[in-house]
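These are my notebook entries on one structure. I set down what I looked up, entry by entry.

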Amino acid sequence: MALNLSQKKEVVAELAEVAAKAHSLVAVEYAGTTVEQMTAMRKKARETGVFLKVAKNTLASRAVVGTEYECVKDSLVGPLLYAFSKEEPGAAGRLIKEFSKGNDKLKAKVVAMGGQQYPASHVDVLASLPTLEQALGMLARALAEPAAMFARAVKAVADKQGGGEAAPAETA
């Protein structure tokens with residue numbers, strides 16, 4: 001079904017708004033994917049904070065102008081499904097990687113993040129990025145480690161000097 005001019009403007013505006021706030025983009029070839037597979041992927045995308053959209057490449061190219069994804073506009077060729085990570089940088093990569101395991105026709109074509117375009121094979125790298133909770137846990141461990149090391153060092157010095165035992169209380 002062909003879109004009229006106002007519908008095309010709406011699609012470009014919607015994609016531009018999402019692209020301006022997104023953390024990463026994965027464009028995927030989806031030809032041969034069944035309706036059930038696409039429905040399941042869309043449901044999972046909503047749960048994980050990924051924006052999925054099938055759009056004409058000319059409209060997507062116009063939408064990314066002025067965003068950090070402008071670097072991909074010349075690579076948008078063929079029927080593509082656009083997956084923008086809205087909450088976590090690796091969410092779109094994890095979604096595409098998960099669904100491409102069960103569907104060999106789903107193939108990443110473009111991966112972009114931070115104003116850089118990467119080869120399609122980088123979808124695995126993007127998928128391996130930690131979630132927000134994992135990153136916060138890693139930060140907490142990194143911040144707690146120096147204090148723990150200091151405590152162990154103080155205890156080791158105290159044990160070496162014999163101060164590890166409680167001293168008898170002085171009587172007055």
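**Entry 1: ground rules**

I am working with a predicted model, in which local features require pLDDT of at least 70, side-chain atom pairs count only at pLDDT 80 or more, and totals for chains, interfaces and linings use all residues. Residues are numbered from 1 along each chain as its sequence is written, and side-chain values use heavy atoms, with hydrogens and water left out.

**Entry 2: H2 and H4**

I took helices (H or I, at least four residues) and strands (E, at least two) as DSSP runs numbered from the N terminus. I then looked up helix H2 (residues 35-48) against helix H4 (residues 91-101): their axes come within 11 Å and cross at roughly 155°. H2 is therefore roughly antiparallel to H4. The axes are lines fitted to C-alpha atoms, for helices over the stretch in contact, with angles from 0 to 180 degrees between N-to-C directions. Angles under 35 degrees count as roughly parallel, over 145 as roughly antiparallel, 65 to 115 as roughly perpendicular and the rest as oblique.

I recorded the H2 and H4 crossing as right-handed. The convention is that the near helix is turned clockwise from the far one for right-handed, and anticlockwise for left-handed, by less than a right angle.

Which residues of H2 and H4 meet? On the H2 side I listed Gln37, Ala40, Met41, Lys44, Ala45 and Thr48, and on the H4 side Ala91, Leu95, Ile96, Glu98 and Phe99. By class, this contact of H2 with H4 holds seven nonpolar, two polar and two charged residues. Contact here means heavy atoms within 4.5 Å. As for the classes, Ala, Val, Leu, Ile, Met, Phe, Trp, Tyr, Cys and Pro count as nonpolar, Asp, Glu, Lys and Arg as charged, and the others, Gly among them, as polar.

I followed the chain into the loop between H4 and strand E4 (107-113), where Asn103 lies. Is Asn103 buried or exposed? Asn103 counts as buried because its relative accessibility is 6%. The cut-offs are under 20% relative accessible area for buried, over 50% for exposed, and partly exposed in between (1.4 Å probe, protein chains only).

Beyond its neighbours within four places in sequence, Asn103 is in contact with Thr33 and Gln37. With Gln37 there is a side-chain to side-chain polar contact at 3.3 Å. A polar contact is a pair of N or O atoms within 3.5 Å; within protein, one must be able to donate a hydrogen and the other to accept it, and residues adjacent in sequence count only if both atoms are side-chain atoms. Gln37 also belongs to the H2 residues that meet H4.

Asp104 lies in the loop between H4 and E4 too, but at 62% relative accessibility Asp104 counts as exposed. From Asp104 to Glu88 I read 25 Å, C-alpha to C-alpha, for 16 residues of sequence separation.

**Entry 3: H1 and H3**

I next examined H1 and helix H3 (residues 57-64), whose axes come within 8 Å and cross at roughly 50°. H1 and H3 are therefore oblique to each other, and their crossing is right-handed. Lys8, Val11, Val12, Leu15 and Ala16 of H1 make the contact with Leu59, Ala60, Arg62 and Ala63 of H3. I counted the classes as seven nonpolar, no polar and two charged.

Leu15, in helix H1 (residues 5-21), is buried at 2% relative accessibility. Not counting residues up to four places away in sequence, Leu15 touches Phe51, Lys53, Ala55, Ala60, Ala63 and Phe84.

Ser61 lies in H3 and is buried, with a relative accessible area of 16%. The C-alpha atoms of Leu15 and Ser61 are 9.7 Å apart, across 46 residues of sequence. Outside four places in sequence, Ser61 is in contact with Lys73 and Leu76.

Gln116 is partly exposed at 46% relative accessible area. Apart from neighbours within four places, Gln116 is in contact with Cys71 and Val111. Between Gln116 and Tyr69, 47 residues apart in sequence, the C-alpha distance is 7.6 Å.

Pro119 sits in the loop between E5 and helix H5 (123-127). Pro119 is partly exposed, with a relative accessible area of 46%. Pro119 and Lys109 are ten residues apart along the chain, and 7.5 Å separates their C-alpha atoms.
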